[in-house]
Amino acid sequence: MKQKKEKNNLTKNLFSEAEKIKYNSNYLRGTILKDLKNTITNGFTGDNYSLIRFHGMYQQDDRDIRKERMDQKLEPRHAMMLRCRIPGGIVKPYQWLEIDKFSNENTIYKTIRLTNRQTFQFHGIFKKDLKKVHQMLSKIGLDSFATANDVNRNVICTSDLTVSSIHKFTYKWAKKISRHFLPKTNAYAEIWLDKKKIVIDEKEPILGKTYLPRKFKIAIAIPPNNDVDFHANDIALIAISKNEELLGFNVLVGGGLSIEHKNHNTWPSLAMEFGFVNLSDILKVLEGIVTVQRDWGNRVNRKNAKTRYTLHKFGIKKFIAEVEFRSKTKFKVIKPYIFSNRGDSFGWNQNINKKWNYTLYIENGRLIEDKRKIKSGLFKIALIHDGDFRITANQNIIIYGISEKNKSNIEKIIFEHMKINDISKLQKMSMACVSFPTCPLAMAEAERVLTSFIQKIDKIMEKYNLVEETIIVRITGCPNGCARSLLAEIGLIGKSLDRYDLYIGGNKIGTRIPRLYRENYSLSKIIKVINPMIKRWSLERLSNECFGDFLIRVKIIKNVSNFPSNFWKK
Ligand code: SRM
Ligand code: SF4
């Protein structure tokens with residue numbers, strides 16, 4: 001019945017182009033195999049351009065050399081970005097060695113880019129090497145399936161291990177949830193791993209033939225550290241524990257940050273509290289939420305297709321009632337929870353279980369062999385490390401579970417390769433998205449200007465004796481919001497070459513959305529605008545008052561309310 005209705009809507013042209021592509025894809029196969037054999041172009045053709053995203057790859061070209069190639073009448077230098085699936089972000093040393101090797105031998109840029117959803121991306125893989133990368137990942141027990149497009153993305157989970165002994169449970173849940181919502185089609189194995197085609201009728205029992213209306217994100221946060229920015233997710237699970245035992249999760253729904261400049265039909269939203277759910281019911285409830293979004297989400301207009309818009313259209317009460325009906329589970333009253341900080345605990349830390357960890361700051365998450373030599377340093381550590389690596393949701397990496405016998409050797413490598421003393425507190429808490437040169441949607445620089453921008457704010461902080469304080473500063477190259485600028489205290493969103501909209505008034509713990517303050521400013525003009533605000537904060541702040549809270553208290557900017565959102569009001 002549902003399939004018939006879907007087909008009718010597609011033939012009547014009611015649904016978006018993306019829906020037709022999914023419907024006609026033969027469960028995500030398309031003609032990708034045929035394109036792989038086509039050596040005339042380095043790119044993918046037709047629907048395959050979009051379908052490869054379900055397999056974790058994006059076709060890109062280097063925008064720094066695009067014009068030069070056009071002038072020479074050459075095809076853009078197509079190459080793929082591949083995003084791995086690592087729920088909870090844990091990588092073993094033997095896996096790291098292979099990942100590092102692949103990046104050096106088979107990618108244009110020879111980098112590994114840690115992302116803010118606890119995984120890594122390779123940039124610049126030519127089509128001819130795609131099977132090689134998938135087979136390498138498979139050999140080390142990884143894959144890139146369902147890390148992009150209209151499916152549940154990499155499930156993230158608090159990685160700050162200094163505060164909680166329940167991480168081992170939440171990590172298991174991150175993996176379990178990731179597995180539960182993976183597409184069931186055999187397409188990935190057939191295309192990339194040369195597995196036999198499975199001819200049985202491959203219905204997708206949870207996702208359906210047209211998968212989800214839009215990307216879908218799930219995060220698990222362990223209070224008191226919101227190191228995953230849970231409000232950026234369609235579903236946020238707040239871990240509730242007693243006597244070191246995980247009891248269940250507070251379930252929040254409908255977070256998301258992307259907007260379009262000036263389009264008031266788009267807005268960011270914090271996730272909203274649905275209720276507490278015991279562990280025994282959690283998968284049923286998550287399935288309820290995912291399938292309501294699957295069936296009620298907007299398949300006509302992709303700009304309004306994410307869960308927050310579905311919630312807005314149908315109302316929270318109706319949405320909750322439908323989830324309860326489908327899952328046969330009643331939400332219980334939300335259990336008390338408090339978040340008091342964000343970000344990673346850098347340097348040496350000892351876990352609850354007394355093992356040692358070292359959290360490394362990775363500038364923009366970009367592992368590249370420059371003067372800091374962090375990439376080769378990590379490689380050397382992977383050769384001797386008997387614990388694992390944990391990628392954080394802030395683009396950093398924890399060398400986890402270092403044994404007493406390895407501690408001094410690893411410390412030596414860290415200090416030889418990764419001089420971190422010159423990195424300010426502000427910089428360690430800042431974030432930028434990838435943007436130029438690989439992101440096709442970039443309107444302004446982000447990753448490549450973050451450090452110099454932060455150094456200017458650092459000077460202001462020094463001038464006003466604020467070096468022990470921090471402000472969460474984030475830059476994205478466009479309003480899609482990948483660096484989560486709309487959960488920052490100072491958030492910049494790129495518009496064009498050296499032009500950004502300035503948002504201020506988020507808070508330290510990531511539970512308030514900032515508001516637009518100035519439009520279309522250059523970075524130097526933004527520095528001039530925030531200088532007097534920081535000065536005032538240094539003189540008038542209350543004890544422990546963060547920058548964003550201060551701006552709201554002294555009425556420099558008005559609070560953004562969530563539901564209904566007054567985000568666009570001046
Ligand atoms: Fe993102 C699209 C990079 C986290 C919202 N994002 C992209 C693409 C793939 C551009 C594209 O569609 O062609 C970027 C690839 C650039 C490149 O060259 O690598 C890109 N997003 C990233 C990463 C690598 C940023 C980073 O510096 O870490 C993050 C990868 C996460 C991962 O491992 O899965 C990344 N993206 C985010 C986040 C933050 C988060 O999830 O916590 C957001 C905002 C939260 C949200 O979803 O609301 C985000 N990315 C988007 C959007 C807007 C989606 C929407 O709701 O409209 C797009 C564009 C789209 O999907 O159409 C996008
Ligand atoms: Fe690209 Fe925009 Fe995301 Fe930055 S925010 S990576 S420019 S899509």
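**A walk through the predicted model**

Cys 157 is buried, at a relative accessible area of 1%. This is a predicted model. In the whole structure, a search turns up zero disulfides. Cys 157 is accordingly in no disulfide, and the nearest cysteine sulfur, in Cys 84, lies 17 Å away. A disulfide would need two cysteine sulfur atoms within 2.5 Å. Cys 546 has 8% relative accessibility, so Cys 546 counts as buried too, the limit being under 20%.

Next comes a loop. Asn 304 sits between helix 10 (279-296) and helix 11 (307-314). Is Asn 304 buried or exposed? Its relative accessibility is 18%, so Asn 304 counts as buried. Leaving aside residues up to four places away in sequence, Asn 304 touches Asn 265, Asn 298 and Tyr 309.

Tyr 309 leads on to helix 11. The buried residues of this helix are Thr 307, Arg 308, Tyr 309, Thr 310 and Leu 311. What covers them? The cover includes two strands, strand 9 (245-253) and strand 10 (272-278). It also includes helix 10 and helix 12 (316-327). After helix 11 comes Gly 315, with a positive phi near 90°.

Last, look at ligand 2. Which residues are around it? Four cysteines are among them: Cys 433, Cys 439, Cys 478 and Cys 482. By class, the shell around ligand 2 holds seven nonpolar and five polar residues, and no charged ones.

Notes
Residues are numbered from 1 along each chain as its sequence is written. Chains are lettered from A and ligands numbered from 1 in the order in which they are written. This is a predicted model: local features need pLDDT of at least 70, side-chain atom pairs count only at pLDDT 80 or more; totals for chains, interfaces and linings use all residues. Side-chain values use heavy atoms; hydrogens and water are left out. A residue is near a molecule or strand if one of its heavy atoms lies within 4 Å of it. Ala, Val, Leu, Ile, Met, Phe, Trp, Tyr, Cys and Pro count as nonpolar, Asp, Glu, Lys and Arg as charged, and the others, Gly among them, as polar. Helices (H or I, at least four residues) and strands (E, at least two) are DSSP runs, numbered from the N terminus. Buried means under 20% relative accessible area, exposed over 50%, partly exposed in between (1.4 Å probe, protein chains only). Contact means heavy atoms within 4.5 Å.
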